[in-house]
Amino acid sequence: MIKIAPSILSADFANLQRDIEKISAADYVHVDVMDGIFVPNITIGIPVVQSIRPTTDLPLDVHLMIDRPVRYVEQFCDAGADIVTCHVEADSEENIHEALRLIHAKGKKAGVVVKPKTPAEAVLPFIHEVELILVMTVEPGFGGQSFMADMMPKVSAIRGYINEMNPACELEVDGGVGPKTYRTCIEAGADVLVAGSAVYGAADIPARIAELRG
Ligand code: DX5
Ligand code: ZN
């Protein structure tokens, strides 16, 4: 079963509780955290995660697009994140291992993320330590960008690594996923689809979530 993780980056931030209730048919709430350094945009931080935690029973899938995430992962866990993902490009390999260790020590799920220009092999040092791998299908920083179909070979390669080395690990894609692109992601081996504008831009959100499950 394909899981859907709507990104609240496309929600109305003045009505976050209402907009999180609108996606109750989904599997995860995807929370895009940006620091203005790792990516050229600033979004949601720890207090917002804390405030939205009691508004939903869905797991909070917190995507950290921040420099040196090891500094903040424990605070995001304490704020109520269920899954915390760190970009492999955001720090040394040693510090990313340490960030994953800290997330697990808080009893939460940990994952790594790769940007479009980062090769599939970059996940290998972490593959035995993660519950989720996220492949970006846009340059991180903004919602509403065009899907990069040329990332599909990377998704397939990572699907191969997961099947061989850590079959319980989930494989998520993020960026430009919608009615025209979800199928190719599933065929390439993704089992969790992040969608921001395609979900929040839909007239019938539950129907759109059902559609994206394929
Ligand atoms: C991009 C974010 C994505 C984004 C997805 O940096 O990580 O989660 O919000 O938005 P759409 O689905 O509109 O591309
Ligand atoms: Zn994201």
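Predicted model: local features only at pLDDT ≥ 70, side-chain atom pairs only at ≥ 80, totals over all residues.
By class, the lining of the largest pocket comprises twelve nonpolar, 13 polar and three charged residues.

The second largest pocket has a volume of about 190 Å³. Of the 15 residues that line the second largest pocket, V33, D35, I66, Y72 and F76 lie nearest its centre. Nine residues of this second lining are nonpolar, two are polar and four are charged.

## Nonpolar cores

In soluble globular proteins, nonpolar side chains tend to be buried together. In this model the largest nonpolar core has 66 residues. The residues with the most contacts inside that core are I8, V31, L64, V112, I133, I158 and L193.

Two of the residues with the most contacts in the largest core, I8 and L193, can be followed through their neighbours. Leaving aside residues up to four places away in sequence, I8 touches F13, L16, I20, V29, H30, V31, I44, I52 and Y200. L193 belongs to strand β8 and is buried, because its relative accessible area is 0%, under the 20% limit for that class. With the exclusion of residues up to four places away in sequence, L193 touches I2, K3, I4, A5, V173, V177, Y182, C185, I186 and L212. The C-alpha atom of L193 is separated by 18 Å from that of G160, and the two residues are 33 apart along the chain.

## Helix α5

Helix α5 covers residues 152–165, 14 residues in total. At 1.5 Å a residue, this helix should span 20 Å, and the separation of its end C-alpha atoms, 20 Å, agrees with that expectation.

The buried residues of α5 are M152, K154, V155, I158, R159, Y161 and I162. Among them, I158 is one of the residues with the most contacts inside the largest nonpolar core. The cover over the buried residues of α5 includes strands β5 (109–114), β6 (132–136) and β7 (170–174), as well as helix α6 (182–188).

## Individual residues

T85 is placed in strand β4 (residues 83–87). T85 counts as buried because its relative accessible area is 0%. Beyond residues up to four places away in sequence, T85 touches D61, V62, H63, L64, G111, V113, L132 and L134.

Most residues other than glycine have a negative phi. R68, by contrast, has a positive phi, near 45 degrees. R68 is located in the loop between β3 and α3 (73–79). Its relative accessibility is 39%, so R68 counts as partly exposed.

N95 lies in helix α4 (residues 93–105). With a relative accessible area of 28%, N95 is also partly exposed. N95 and A25 are 70 residues apart in sequence, and their C-alpha atoms are 36 Å apart in space.

Technical notes. Residues numbered from 1 in each chain as written. Chains lettered and ligands numbered in written order. Heavy atoms only, no water. Nonpolar A, V, L, I, M, F, W, Y, C, P; charged D, E, K, R; others polar. 1 Å grid on protein atoms, 1.4 Å probe; cavity = no way out; pocket = protein on both sides within 12 Å on 5 of 7 lines; lining within 4 Å. Points joined across faces, edges and corners; volume = space filled by probe spheres on them. Helix = DSSP H or I, 4+ residues; strand = E, 2+ residues; numbered from the N terminus. Expected span 1.5 Å × (residues − 1). Buried < 20%, exposed > 50% of the residue type's maximum accessible area, 1.4 Å probe, protein only. Contact = heavy atoms within 4.5 Å. Core = buried A, V, L, I, M, F, W, Y, C linked by side-chain atoms within 4.5 Å.
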